[in-house]
Each structure stands twice: as structure tokens, then as C-alpha cells.
Amino acid sequence: MQEKFVYMDHTATTPVSPEVMKAMMPYFSEVFGNPSSVYSYSKKSRAAIEKARMQVANAFNAAPAEIFFTSSGTESDNWALKGTLENLKSKGKTHLITSKIEHHAILHTAEYLHKIHGFDVTYLPVDSEGRVNPEDVRNAINDKTALVSIMFANNEVGTIQPIKKIGEICREKKVLFHTDAVQAAAQLNIDVKDLNIDMMSISGHKMYAPKGIGALYIRKGIRLENFMHGGGQESARRASTENLAGIVGLGEAMEILKTRLDDDMRRISSWRDEIISGILAKIPYAKLNGATGSERLPNNINCSFIGVEGETLLLDLDYRGISASTGSACSSASLDPSHVLLALGLKHEMAHGSLRFTLGRLTTHDHVKYLLEVLPEIVARRREMSPLWEDFLKSNA
Amino acid sequence: MALDYSQKVMDHFMNPRNVGEISNADGVGEAGNPKCGDIMKIYLKVNDETKIIEDVKFKTFGCASAIASSSMATEMIKGKTVQEAWDLTNSAVAEALDGLPPIKMHCSVLAEEAIHTALNDYRAKHGMDVIPIEHHED
């Protein structure tokens with residue numbers, strides 16, 4: 001293996017930024033008091049948490065009392081879905097609407113709610129670029145619908161959903177609206193009030209805060225059952241002793257993110273477009289998956305290469321020092337290709353032959369050029385040994 | 001999922017042996033399907049008198065373990081008789097690669113199946129009975 005480290009998997013996770021780390025450090029050994037304790041020493045812990053709550057709230061134009069810290073984006077998603085459905089069940093609301101391209105934190109929770117509790121779930125389709133049609137949301141809502149949960153932007157193909165419109169329809173129909181913004185919150189300016197969002201999940205480690213910290217925005221006045229039961233933390237809505245340092249880190253990360261977001265995203269989206277056009281120009285029959293321009297997350301590139309399999313390409317890239325990701329079955333425990341790519345209408349072999357590159361603060365323009373230099377060779381070499389590529393060429397001859 | 005391949009697998013994946021095609025092959029066999037994400041195609045050149053496999057080539061679409069299994073399996077049957085080649089099992093291929101992750105064992109099964117299919121093609125071309133082979137499901 002070469003020593004080179006070209007990290008192009010920022011959607012999987014990000015490093016904790018030095019500033020965030022610095023802000024967190026005192027909260028391990030120096031300021032360690034349990035925020036729930038009565039003595040004055042613990043005041044500092046409480047103050048740190050409330051500062052972080054303010055930082056997160058400010059980032060989304062929410063009120064601090066609307067931010068609840070959790071352990072992860074996954075927990076936030078679980079809480080939003082289970083808590084809402086359990087709460088509204090007694091009112092005869094037993095229907096959940098979501099999409100086919102959600103993260104497994106949503107999909108598997110929805111499956112659980114159906115299987116164990118008998119709730120009905122509608123999985124909305126998406127168009128070939130991964131977009132949910134807001135009119136489909138409107139048509140799916142019935143008098144039993146408790147909640148609509150549509151992700152803000154897709155983690156695999158980067159397509160940004162028409163969130164404002166969906167939120168508007170939900171308001172009009174008096175149905176609650178949750179969005180999983182785990183990816184979007186790290187890259188887009190989000191105003192929960194303007195976008196008609198009732199609940200929103202975020203995760204720290206996608207935005208240069210540590211793993212193991214997340215938050216759920218819950219609009220004032222919305223009730224949902226608790227997910228974590230125990231002590232009275234987080235206004236008695238989310239039990240468990242607060243992850244003090246993690247919370248401080250999330251708050252700091254959000255504040256920093258907001259100050260540099262516009263500059264970062266201008267730069268990163270131009271590199272994204274450079275990579276996309278480079279791949280499409282240099283690699284025959286390469287296909288971009290997902291939407292383009294402002295409807296795509298600034299950091300996401302997802303392409304399919306007919307005739308080659310993704311895990312193979314990942315290992316070849318890894319050998320050249322590049323870390324990326326694939327929707328191929330061969331890299332998953334289930335051996336099923338990406339449910340997202342299949343929902344976009346890709347054939348299995350195209351889903352198997354997909355690669356995702358996600359840019360971020362570790363990316364440099366040299367990385368962009370290096371990727372465009374090595375990827376075409378790698379794809380060509382593996383295609384040469386592929387019977388599928390041979391068949392494809394024959395059928396296109 | 002983290003990929004923990006043996007050095008042998010990585011070696012055969014990075015530098016696969018016997019890649020290519022044989023024009024006028026005596027036997028050609030294919031196994032797998034694109035839906036599952038792997039296809040192997042094996043070409044055999046067999047000496048008519050000695051029944052020895054004098055040359056073998058492969059083309060594979062699939063993950064690292066599929067490519068490594070093809071490479072190793074072709075190495076293992078090269079210079080062997082058609083009967084010896086028929087007797088090569090998937091577990092022998094996996095063992096020669098110092099093991100495959102459990103979820104990737106089907107790649108070695110695919111190699112066995114592609115060789116059997118190629119040998120049957122050879123048998124059919126030489127007026128011998130085709131031996132039924134079990135096709136693996138995924």
C-alpha cells in the first residue's frame with residue numbers, strides 16, 4: 001500500500017476538527033460534573049450543555065428548547081418515528097409515509113413499526129434522479145396518517161428533496177413532518193421554520209464533531225413518546241446522563257460549520273463538478289447517478305461503470321491511496337446491491353458497478369486531479385478482464 | 001463492511017494469472033449472473049491424446065474474491081488432466097487462497113461451477129456425456 005491518503009468518504013464519517021477537539025478537551029477531566037447534580041461545581045457542565053444547545057439551535061433557526069441531544073442520527077430517527085407513531089396511535093393515527101431511498105435507520109425502524117406494532121407504512125417511489133414527488137406525498141396522506149418522514153438529502157446519490165414543498169403539504173394536511181438531515185445539515189443552510197419542518201435528525205460525526213453524538217429538533221408543542229426511558233435529562237424527554245464532551249463538540253462544530261459553509265460549499269461543489277465531468281469525459285459509458293447542480297449535495301459524486309464491480313474498484317483505489325465507497329452487493333453483509341440505486345431504476349449490474357466519492361475538508365485540488373488520473377486506468381484494466389464488458393461492447397457494436 | 005482478505009487473495013486479485021481468452025478453445029464455460037454481481041468465464045485448451053489441460057484462461061466480472069478464485073482455480077487445473085480438473089473442489093480453491101471470508105465462499109463455488117461447465121462443453125464437443133452439475137443459487 002502507498003502512504004498516500006486521499007480521503008473521499010466524508011459521507012461515511014469526518015475527522016473531529018482541531019477546534020472542536022480543543023473545545024471538548026476540558027469536559028473530560030476538568031469539568032466533569034454530572035449536569036444533574038445540585039452542587040455548584042456541576043453548574044459549569046449545565047452551562048456548557050446550554051451553550052451547545054444554543055449553538056445548534058442558532059444554526060437551524062430553532063429555539064434552544066427545541067433541540068434534544070441524542071447518541072446519534074440513528075437514535076434521532078428511531079425516536080422521531082417510534083415516538084410519534086406511539087403517541088398518535090390512541091387517536092387512530094396508524095399510518096407512516098416515507099420513501100424507498102431512506103437510510104436504514106428510517107427503513108428498518110419503519111419495518112419494525114409495521115411488523116411489531118402493525119402500523120401501515122407507505123414507501124414512496126422516486127424518479128430516476130432520486131427525487132420524491134411532493135404530489136405523491138399529498139396523495140398518500142389519508143386520515144390515518146400520523147407522520148411523513150422524507151430525508152433531506154440522500155446519502156448515496158446526493159439528491160436533495162423538495163423539503164419545503166413537502167413540509168407545506170404536511171402542514172396543510174395537518175400531518176407531522178420529520179426529515180433525516182444527517183447528510184444535509186453538514187452541507188446546506190437549513191431554516192426549520194422556513195421549510196415547515198416539525199422534526200429533524202442530525203449527527204455529529206458527519207460534521208467534524210465526534211461519533212456518538214446527535215440531536216433531534218422537535219418543534220415546540222409537538223408531543224411524542226420518549227424513546228430512552230430513565231432519568232429526567234433533556235427536559236425529561238431523553239433519559240441518560242448527557243454526553244457532555246460530545247454535546248460541547250457538536251455545538252462547537254455547528255457554529256464553525258455555519259461560519260465557513262458558503263465558502264466551503266462553493267469550493268467543494270466546483271470540485272464535485274470537475275470530477276463528474278472528468279469521469280464522464282474520460283471513462284466510456286460512465287453514468288452519473290442522482291441529480292445535478294443545486295439539487296445535489298455539494299460534496300457527492302456517484303457514478304456507475306458498466307462491466308465492472310464496485311468492490312474491485314474500491315480495492316484498486318485503496319491500493320492507490322484513495323478511500324471511497326460503493327453500492328455494490330459485494331461490499332455489504334447482505335449481498336444485496338444498494339436499495340437506493342435500485343429505487344432509481346438502475347439494473348443490478350449497474351448498481352454493482354457504482355462508486356461514491358464524497359468530498360470535504362480533507363479534500364484538496366491535488367486529490368481531485370489524482371483521482372481523475374488513476375480512476376480511468378483502474379476501470380479500463382478491470383473491464384479488460386470482465387466478460388460482462390465484452391458482452392456489452394458486442395451488443396453496442 | 002471491512003474487507004479482510006488474505007495476502008494470497010490480494011495477490012491473485014492485484015496480479016491475476018491466466019486472464020484472457022483462448023480462440024478456438026476446446027471448452028468454454030460460464031457461471032454466475034450479472035444480477036448477483038459475478039460472472040466467470042473459463043476457456044480450456046485440452047491435448048486430445050493426453051487429456052491434459054495445456055492452457056486455461058479466464059474473464060471474471062465480480063469482486064476481489066471472485067477474481068482471485070478464478071485466478072487460483074485456473075492455476076490449479078493448468079497441466080492437469082480433465083479428470084483431475086473435474087475433481088477440483090471449491091474448498092480446495094478457497095484453501096489454496098488461505099481462506100475466503102464466509103460471505104465470499106460462493107465465489108469459490110462459482111469457480112468450480114465455471115470449470116465444470118467448461119469441461120462439459122469439452123465433453124459435449126468430443127461426443128461424451130455431459131455430467132449434470134449443481135448450479136448454485138445466488
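In the predicted model, a nonpolar surface patch is formed by A:M21, A:M25 and A:F28, which together present about 330 Å² of accessible area. Of these residues, A:M21 belongs to helix α1 of chain A, spanning residues 18-24. A:M21 is partly exposed, its relative accessible area being 44%.

The prediction as a whole scores ipTM 0.92 and pTM 0.95. For chain B, the mean pLDDT is 92, with 95% of the residues at 70 or more. Within chain B, strand β1 (residues 27-33) has the lowest confidence, with a mean of 94, whereas strand β3 (residues 53-61) has the highest, at 97.

Strand β7 of chain A (residues 199-203) is largely enclosed by the rest of the structure, because five of its five residues are buried. In a regular strand, side chains alternate between the two faces of the sheet. Both faces of β7(A) are covered: A:M199, A:S201 and A:S203 are buried on one side, and A:M200 and A:I202 are buried on the other. Strand β6 of chain A (residues 176-180) runs parallel to β7(A) and is joined to it by three bridges. In this pairing, A:H178 has A:M199 as its bridge partner in β7(A). Strand β8 of chain A (residues 214-218) is antiparallel to β7(A), and five bridges connect the two. Here A:I202 is placed opposite A:A215 of β8(A).

A:S203, also located in strand β7 of chain A, has a relative accessible area of 4% and is therefore buried, the cut-off being under 20%. Leaving aside residues up to four places away in sequence, A:S203 is in contact with A:G73, A:V182, A:I213 and A:G214.

In chain B, residue B:V28 is situated in strand β1 and is partly exposed, with a relative accessible area of 28%. The contacts of B:V28, again without residues up to four places away in sequence, are B:K41, B:I42, B:Y43, B:T117, B:A118 and B:D121. Between B:V28 and B:K57 the sequence separation is 29 residues, and their C-alpha atoms are 9.6 Å apart.

Side chains of opposite charge can pair when their charged atoms come close. Over all chains, 30 salt bridges are counted. One of them joins A:E234 to A:R53, with the closest N and O atoms 2.9 Å apart. Since A:E234 lies in helix α8 (residues 233-236) of chain A and A:R53 in helix α3 (residues 43-59) of chain A, this pair ties together parts that are 181 residues apart in sequence. Both partners are buried, A:E234 with a relative accessible area of 7% and A:R53 with 8%.

A salt bridge is also formed by A:D316 and A:R382, at an N to O distance of 2.7 Å. The former residue is part of helix α10 (residues 310-319) of chain A and the latter of helix α13 (residues 365-384) of chain A, so the pair connects parts 66 residues apart in sequence. A:D316 is buried at 4% relative accessible area, and A:R382 is buried at 2%.

In chain B, B:K59 and B:E21 form a salt bridge in which the closest N and O atoms are 2.9 Å apart. This pair links distant parts of the chain, 38 residues apart: B:K59 is in strand β3, while B:E21 is in the loop between α1 (7-14) and β1. B:K59 counts as buried at 9% relative accessibility, whereas B:E21 is partly exposed at 42%. Both residues belong to a network of salt bridges that also includes A:E390, A:K394 and B:K41.

Key: Residues numbered from 1 in each chain as written. Chains lettered and ligands numbered in written order. Predicted model: local features only at pLDDT ≥ 70, side-chain atom pairs only at ≥ 80, totals over all residues. Heavy atoms only, no water. Patch = residues over 30% accessible without salt bridge, like charges linked within 9 Å, V, L, I, M, F, W, Y side chains within 5 Å. Areas by Shrake-Rupley, 256 points an atom, 1.4 Å probe, with all protein chains shown as cover. Salt bridge = Lys/Arg side-chain N within 4 Å of Asp/Glu carboxyl O. Helix = DSSP H or I, 4+ residues; strand = E, 2+ residues; numbered from the N terminus. Buried < 20%, exposed > 50% of the residue type's maximum accessible area, 1.4 Å probe, protein only. pLDDT = per-residue confidence, 0-100. Pairing = 2+ DSSP bridges. Contact = heavy atoms within 4.5 Å.
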